[in-house]
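I opened a notebook page for this structure. The entries below keep the order in which I looked things up.

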Amino acid sequence: MTKPMPSNVIQHVPRSGIRRVFDEAAKYPDCIRLEVGEPSFSTPAHIKEAAVKALAENFTKYTANAGIPELRSAIVDKLRVRNGISVDSNDVVVTSGGVAACFTALAAMVNPGDEVLLADPSWPNYVQMTVLLGVKAVHYRLRLENNLIPTVEDIERCITPKTKVLIMNSPGNPTGAITPLPRLREILELAHRHNLWVISDEVYDEIWFDTPPHSLQPLDTQERVVSVFSFSKTYAMTGWRVGYLTGASEIVSHVLRAQEPTTSCVNSPAQRGAVAALLGDQQCVAEMRSAYASRAKLVTKILDDHGVPYARPTGAFYTMVDISGSRMSDIDFVSRMITERRVAVVPGSAFGPASGNVVRVSLASSESDLQNGVERLASAISDWSN
Ligand code: PLP
């Protein structure tokens, strides 16, 4: 029996390298899992209670596509107080996680054949999105010697007449890097000069270790920036699927047109949970932040003690470790780490073609796993260097 061929487009969506490691590590029950980028905490009780209450009250119907008014209004206050972003609630869209916010923002900006600038290394889902939308992903280099913070020169080198969008991510996954304010200014000037849209992915905005990150949008005088946020990381709500974006009315109206056919609106009880997250006590956020900060300290101390180079994490919950001392490719290194040392980390090349000299360690894992896992990682680099 002949059947129609599946979509050519979908066949070209690359599989996430993180998922590949996950599947391989799952074969070894004693493997220490440092590859997973998901908070190790449970969603705080008051947030869960708000969603349960919503269900009990039959708050279970479709909502406005852009989200319930009380959530959009709580987001407006949060953006003003914590991000320095002043917007009208009409310019806020609640989305199915940060992932849908990034996708609909990109869908609202590009035409097939356009080029989109992404960091190398960066979150692999961006490349998958570019394939779905028929646009070309062009990677700008992040360098270990710059602590994986982008430079204007490295971005500008990649710009062509077809470049339409620049994607920024600070605090970054997988870099753990926060782009400082003066650099954000320079990058925005570059976007102005070359007439680019900017997507500023700030889903890790509340996870920082020394000083809080700056948002790009308050610097934007030309309404080019769409900012993306999420409840996933800040409130340990990854499975709830609630994120949001904001930008100028003109582009936000296009985002809403992309959201209608893809997700329509976000799960209504989850939106009530998100309201409770924003209006409730923020102590839970401070506690999780300080746990990630102490894990970052632990990991960097072990790496320093062994003389292993890495990008010093200042936010999000990742650090990139330089494995070039092992003289192995990142793929071989990760594979041997799992089978011989029972530690799972993600190869740098999962995040971009030029990042094969590093691996990502997730600080979302427990302190004891990090202690044992990073010790084993550092020993392996030195054992395998000969
Ligand atoms: N952006 C970055 C950089 C991420 O690392 C993630 C998740 O890992 C997301 C966006 C999307 O997260 P969510 O869809 O859970 O909000």
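Entry 1: I began with the cysteines and counted zero disulfides. The model I am reading is a predicted one. I took up cysteine 158, which is in no disulfide. Its nearest cysteine sulfur belongs to cysteine 102 and is 19 Å away, whereas a disulfide needs two cysteine sulfur atoms within 2.5 Å. I then looked up burial. Cysteine 158 has 15% relative accessibility and counts as buried, because the cut-off for buried is under 20%. Cysteine 31 is buried as well, with a relative accessible area of 9%.

**Entry 2: cavities.** I searched the whole structure and found three cavities of 30 Å³ or more. The largest cavity holds about 140 Å³ of space. I listed 18 residues lining the largest cavity, and the closest to its centre are Ala119, Tyr140, Leu142, Asn169 and Thr175. I sorted the lining by residue type and got twelve nonpolar, six polar and no charged residues. Which strand gives the most to this lining? I noted strand S5, residues 163–169, with three residues.

**Entry 3: the ligand.** For serine 232, a side-chain N or O atom is 2.6 Å from an oxygen atom of the ligand. For arginine 241, the distance from a side-chain N or O atom to a ligand oxygen is 2.7 Å. For tyrosine 204, a polar side-chain atom lies 2.8 Å from an oxygen atom of the ligand.

Methods
Residues numbered from 1 in each chain as written. Predicted model: local features only at pLDDT ≥ 70, side-chain atom pairs only at ≥ 80, totals over all residues. Heavy atoms only, no water. 1 Å grid on protein atoms, 1.4 Å probe; cavity = no way out; pocket = protein on both sides within 12 Å on 5 of 7 lines; lining within 4 Å. Points joined across faces, edges and corners; volume = space filled by probe spheres on them. Helix = DSSP H or I, 4+ residues; strand = E, 2+ residues; numbered from the N terminus. Nonpolar A, V, L, I, M, F, W, Y, C, P; charged D, E, K, R; others polar. Buried < 20%, exposed > 50% of the residue type's maximum accessible area, 1.4 Å probe, protein only. Polar contact = N/O pair within 3.5 Å; in protein donor to acceptor, adjacent residues only side chain to side chain.
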